[in-house]
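Try each task yourself before you read its solution.

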Amino acid sequence: MKGKESRFSAIGRRYVSLCSCPQGRAGRVVLLIMDIAHRPFASWVLSAVPHAMSFLDIGSGSGYIAGRLLRRREKPCVTLLDISPLAISCSMRRLSRYGNRAVFVSGSADDLPFPSSTFQAAIMTDSIYYMDISRAFSEAFRVLVPGGSLAVAFEAMDPDSAPSCLSGIAAIRSPEEIIHALEEAGFRIARSDCGRRSWARIVAAKPMC
């Protein structure tokens with residue numbers, strides 16, 4: 001039994017590693033899985049996102065959520081940022097029909113390559129497990145205009161019951177921890193709730209002054 005657990009742990013670690021930075025053929029499979037996982041709750045997540053004309057998708061992955069944003073009637077512009085060149089490449093192919101309304105940037109949430117007060121809104125969908133949230137939230141706060149908003153969507157998993165294979169790779173945090181980190185970064189919590197399949201969405205606003 002111990003051997004089986006070790007083998008499962010190794011597979012789990014490889015999978016989680018690919019989730020944080022997909023690459024190669026296996027990475028393409030991971031991006032496809034992300035697509036399938038995001039579809040059931042995309043509308044629910046985006047229904048809580050305030051309307052804005054300039055969005056930053058932090059940890060954009062396959063580009064599915066960004067695509068849903070780009071289809072909005074008010075025709076916003078979306079900048080997709082991901083640490084994985086493969087994810088950016090897949091997103092570029094998927095969203096090419098949107099022209100210059102979709103901008104693609106390789107980079108890290110911990111050190112956003114944008115000037116301060118650049119975006120009206122930002123989203124993080126299923127990506128907070130692989131980043132330093134204190135740094136990422138502070139960076140999101142910096143690049144948002146006063147009055148801008150950050151929407152964070154994630155699986156509300158109990159850290160104490162998370163699979164051991166995630167230890168040291170994916171940081172599982174409770175909604176309370178996320179809210180605390182957002183407030184520490186300077187945000188004001190505008191909305192926090194859970195939906196089906198235990199997904200949580202938190203919308204935080206940057207104060208006007």
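**Exercise 1. Find what share of the residues in the protein is buried, and describe the overall fold pattern.**

Step 1. The model is predicted, so local features need pLDDT of at least 70 and side-chain atom pairs count only at pLDDT 80 or more, while totals for chains, interfaces and linings use all residues. Residues are numbered from 1 along each chain as its sequence is written, and side-chain values use heavy atoms, with hydrogens and water left out.

Step 2. The protein has seven helices and seven strands; these are DSSP runs numbered from the N terminus, with helices being H or I of at least four residues and strands E of at least two. Along the sequence they follow the pattern α-α-α-β-α-β-α-β-β-α-β-α-β-β.

Step 3. Now look at the contacts, where contact means heavy atoms within 4.5 Å. Of the contacts in the protein with a separation of 6 or more, 68% come from residues 24 or more positions apart.

**Exercise 2. Work out the strand order of the sheet and name its edge strands.**

Step 1. Two strands pair if DSSP finds at least two bridges between them. Strands of a sheet pair through backbone hydrogen bonds, either parallel or antiparallel.

Step 2. Here seven strands form an open sheet in the order β3-β2-β1-β4-β5-β7-β6, with mixed pairing.

Step 3. β3 (102-106) and β6 (188-194) are the edges: each has a single partner strand, so one side of each is left without a neighbour in the sheet.

Step 4. On average, and ignoring direction, neighbouring strands of this sheet are turned by 15° against each other.

**Exercise 3. Describe the surroundings of strand β1.**

Step 1. Begin with the partners. β1 (residues 54-58) runs parallel to β4 (residues 119-125), joined by three bridges, and β1 also runs parallel to β2, joined by five bridges.

Step 2. Follow Leu 56 to both sides: Ala 122 stands opposite in β4, and Thr 79 is the bridge partner of Leu 56 in β2. Asp 57 stands opposite Leu 80 in β2.

Step 3. Check the burial. Five of the five residues of β1 are buried, with Ser 54, Leu 56 and Ile 58 on one side and Phe 55 and Asp 57 on the other. In β2, five of six residues are buried.

**Exercise 4. Describe how helices α2 and α5 pack.**

Step 1. Two packed helices are described by the angle between their axes and the distance between the axes. Axes are lines fitted to C-alpha atoms, for helices over the stretch in contact, and angles run from 0 to 180 degrees between N-to-C directions.

Step 2. α2 (residues 24-38) and α5 (residues 85-94) pack at about 55°, with their axes 10 Å apart. The two helices are therefore oblique to each other (under 35 degrees is roughly parallel, over 145 roughly antiparallel, 65 to 115 roughly perpendicular and the rest oblique).

Step 3. Name the residues in contact: α2 gives Gly 24, Gly 27, Arg 28, Leu 31 and Asp 35, and α5 gives Leu 86, Ala 87, Cys 90, Arg 93 and Arg 94.

Step 4. Look at the other neighbours of α5. Its buried residues are Leu 86, Ala 87, Ile 88, Cys 90 and Ser 91, and they pack against α2, β2 and β3. α5 lies across β2 (77-82) and β3, at about 165° to β3.

**Exercise 5. Decide whether Ser 149, Lys 75 and Asp 126 are buried, exposed or partly exposed.**

Step 1. Ser 149 lies in strand β5 (residues 144-155). Its relative accessible area is 9%, so Ser 149 is buried.

Step 2. Lys 75 is in the loop between α4 (64-70) and β2. At 54% relative accessibility, Lys 75 counts as exposed.

Step 3. Asp 126 is in the loop between β4 and α6 (133-143). At 22% relative accessibility, Asp 126 counts as partly exposed.

Step 4. Finish with the backbone: phi is near 55° for Lys 75 and near 60° for Asp 126.

Conventions: Buried means under 20% relative accessible area, exposed over 50%, partly exposed in between (1.4 Å probe, protein chains only).
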